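Open the model in your viewer and keep the sequence panel beside it. The tour below moves from one selection to the next and says what is found at each stop.

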Amino acid sequence: RIVILHGGEMEALMAIFCSKMTILLIFVPLGLFAEHLGLNSAMIFTFNFMAIVPLASILGAATESMASHTGEMIGGLLNATFGNAVEMIMCMQAVKAGLVEVVQGNLLGSVLSNLLLVLGMAIFCAGLKFHNRQFNAVGAAANMSCLVVASISICLPTLFGQIADTGDEVLMISRLCSLFLSLVYFLFLYFQLGTHAYLFVDEAEGEEEEEAHLSVMGSGILLILCTLVVAGCSENLVDSIEGVSTKFGLPKAFIGVILLPIVGNAAEHATAVTSAYRGKLDLAIGVSVGSSTQIALFVVPVAVLSGWYFGTPMSLNFRLFDMACQMLSVFLVSQVTQHGNTNWLHGAMLVTTYVLIAIMTWFIPERT
């Protein structure tokens, strides 16, 4: 049976695959076959690192196309699952490999990258073009409240781990907390898309132009293919981390907290910054803060529960440094977003905080 693509579908495919970022797709075959070619761990890590960046962008575009054909509730679930699919796949591969410290760093880094780097650069770019910019403070406050709950769920097991005699209690507490965090996320999803959807509506939403979207079948095929390729690249990436860390002296904390989240958040970063510069600050905040909420309330529990499945002691017992970074970052972003009015200085402060954390992670000693 021959499938003929209509004009709208061809236009949507052209929009997805003709962007500047898709030039990096040349690294996909290099990354997938680097190990078979006998390349060293540094080359394997670099090729797969570069390959996942455009794949994350395509995955995000395919998710938006699929969500445009479904109801808001199902669309929200799709965004939760596939929007952060890169982080989830990398985390599950690393959990399976027993790299608990890298997974915890990746999860923390994804939240910090979205809250500080992505949001900070978006606000800074918006501030360069607009003197002061208004945004929906109520929607941002709801996301920040969820992030406070997620931070508490990490804080409590971490503090309990300092006084517990064995790790078994911390592990069971982490798994129970993960179940409740997942419940909170679905409650928030129902709140955001159901009972209080009017609080999250952007006033300028109606002015947006109609864009071409893939069909349900086209979006589904692209999602499945892209997810499979990301799974292969992320598996190679995770397998090369140990070699890169030992041979080249790259700290695992820096790899987990800084490098891996940059890959997973590439699509969000580009979307948030360009949207903010065009004056759509609500969209930029929704992408950055909303993605942090999804990771903290959805991806983190999935990582802990997948560790339960694989028999890996993945818990919410993070480093005290990690816990403090997340709590302080959530507090800082809450202060920036509480007034519904922002400028370029706020963005500069957020990015500076991220740079300070990145510098410190380079010097974090590995746990023994």
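The expected span of a helix is 1.5 Å times one less than its number of residues, where helices (H or I, at least four residues) and strands (E, at least two) are DSSP runs, numbered from the N terminus. This is a predicted model, in which local features need pLDDT of at least 70 and side-chain atom pairs count only at pLDDT 80 or more, while totals for chains, interfaces and linings use all residues. Residues are numbered from 1 along each chain as its sequence is written, and side-chain values use heavy atoms, with hydrogens and water left out.

Next select residues 216–248, helix H9, whose 33 residues should span 48 Å at 1.5 Å a residue; the end C-alpha atoms lie 45 Å apart, which agrees. Centre on Ser-240, where H9 has a kink of about 35 degrees (the bend being the angle between axes fitted to the seven residues ending there and the seven starting there). Step just past H9 to Gly-249, which takes a positive phi of about 70 degrees.

Now move to Leu-281, in helix H12 (residues 281–310). Is Leu-281 buried or exposed? Leu-281 counts as buried because its relative accessibility is 1% (buried means under 20% relative accessible area, exposed over 50%, partly exposed in between, with a 1.4 Å probe and protein chains only). Show its contacts (heavy atoms within 4.5 Å): leaving aside residues up to four places away in sequence, Leu-281 touches Ile-123, Ala-126, Arg-133, Phe-135, Ser-275, Ala-276 and Thr-342.
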